[in-house]
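Here are a few notes to go with your first look at this model. Please keep the sequence and the 3D view open while you read.

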Amino acid sequence: MSASYDVAVLGAGIVGAACAFECARAGMTVAILERDTVASGATGAAMGHIVVMDDSPAQFALTTYSQSLWSTLAPELLASVEYHRPGTIWIAADEEEMAEVRRKFDAFTAKKIPCEILDSQALAEAEPNLAHLLIGGLLVESDAVLHPHRAAEHLVSEAGKLGAQLITGQPATSAMHGLVTLTNGDSVQAGTIINAAGSLSPSLTPGIPVKKRKGHLILTDRYPGYIHHQLVELGYLKSAHASTSDSVAFNIQPRLSGHLLIGSSRQYGAEHPEVDQPILDAMMDRATLYMPGLRSLTALRSWTGFRAATPDKLPLIGPTEDPTIYLATGHEGLGITTSLGTARLLADHLLRRPSAIPIDPYLPSRLTTTRTPALQEAP
Ligand SMILES: Cc1cc2nc3c(=O)[nH]c(=O)nc-3n(C[C@H](O)[C@H](O)[C@H](O)COP(=O)(O)OP(=O)(O)OC[C@H]3O[C@@H](n4cnc5c(N)ncnc54)[C@H](O)[C@@H]3O)c2cc1C
């Protein structure tokens, strides 16, 4: 069987779902080709923190832009997506981290992102269950939280209302020159193929610099009001930057349902999906340094997922040497946040519309030796 579309999206994680929605909304015919089920990859394993991060100007631009797109979309999201805006508190444990609080405050304030420096007393009042020896933090009010799996389902469903076809349970085995082949022998033709297969994207576009980076999370029983904000230690930035060793950092999220989600870990070279007990133990040890009462809460389950990491910690968004293949991958720990910005940038590029932020820092050509067609050559 063979069918033809303007766009074939490979992968129905949050990034593929957002790309399908954006392309369908722009009037293109769209097929979403998913090897398993919607959100069965990293998206289903993620925390759903919609967070502004400023490790680099390009990351700052994409996370800020994407967060504003989530905020615009929020009134249309189903209640089941559990979008809410508790804000983030970046927690400082020592003077070095307090200096980082002040640097972030200046950077965020310059971009008109509402935030506030908390001293130790204000931090304790905002979050009484935190350890008392912490010296302060930065409250970023605009950061949000959502249920990533349901957000992806919502976007796929909205794309479906606009005519997009979802084909699940069939891995794509190859994608090139406008043709996608599925394991059952069916094929799909498309003028544009968007590889949004997350950590598995190199299997469909060989040679792209994307590596698996494993993460663990723990879900607790319902404890409404136990925390009020997403709480992240500033040491998280060191953990996210470590490029060789395994690392853990304190990161806890209040779900609207009252559940708490405790993270997080980062591992390269661990390709098995099973939970690694020593990593889980290290995560809990770290978490209880910051919040000693966590040990007395009931954990319901833990799981793992694979982030798609690139060498420069920025996603790959845009054309490749094959003029029919576009990438929307490599979002590492920020793909829930940056999915909407990614999709909008890609749709703008395909339709030759002006973009709110430049796509250039995310173009795959920066990391690949293959020639990327000039922007004006886009179909
Ligand atoms: C523990 C953890 C916590 C995280 N927390 C956050 C957070 O709080 N905030 C945030 O912004 N990000 C977070 N992330 C990162 C985020 O989950 C990812 O960046 C994001 O989900 C990537 O989405 P994706 O659609 O690119 O990939 P995926 O969700 O992995 O989707 C790729 C899809 O492609 C499909 N696929 C693969 N191969 C094929 C094939 N051959 N044919 C067809 N389909 C295929 C897969 O089945 C999968 O459904 C977290 C990640 C982890 C692991």
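1. At what angle do helix H1 and helix H6 pack, and how far apart are their axes? H1 (residues 14–25) and H6 (residues 148–161) pack at about 25 degrees, with axes 8 Å apart. The two helices are therefore roughly parallel (a label for angles under 35 degrees).

2. A word on the source: this is a predicted model, in which local features need pLDDT of at least 70 and side-chain atom pairs count only at pLDDT 80 or more, while totals for chains, interfaces and linings use all residues. Numbering starts from 1 along each chain as its sequence is written, and side-chain values use heavy atoms, leaving out hydrogens and water.

3. Now look at helix H3 (residues 57–73) and helix H9 (residues 335–351), whose axes come within 7 Å and cross at roughly 90 degrees. That makes H3 roughly perpendicular to H9 (65 to 115 degrees). Residues that meet here include Tyr65 and Trp70 in H3, and Thr337 and Arg344 in H9. The contact divides into eight nonpolar, seven polar and one charged residues.

4. Finally, the ligand: 36 residues surround it, and Glu34, Thr43, Ala172, Glu332 and Thr337 are the closest. A backbone N or O atom of Thr337 lies 2.8 Å from a ligand oxygen atom. For Met47, a backbone N or O atom is 3.1 Å from a ligand nitrogen atom.

Definitions and conventions. Axes fitted to C-alpha atoms, helices over the stretch in contact; angles between N-to-C directions. Helix = DSSP H or I, 4+ residues; strand = E, 2+ residues; numbered from the N terminus. Parallel < 35°, antiparallel > 145°, perpendicular 65-115°, else oblique. Near = heavy atom within 4 Å. Polar contact = N/O pair within 3.5 Å; in protein donor to acceptor, adjacent residues only side chain to side chain. Contact = heavy atoms within 4.5 Å. Nonpolar A, V, L, I, M, F, W, Y, C, P; charged D, E, K, R; others polar.
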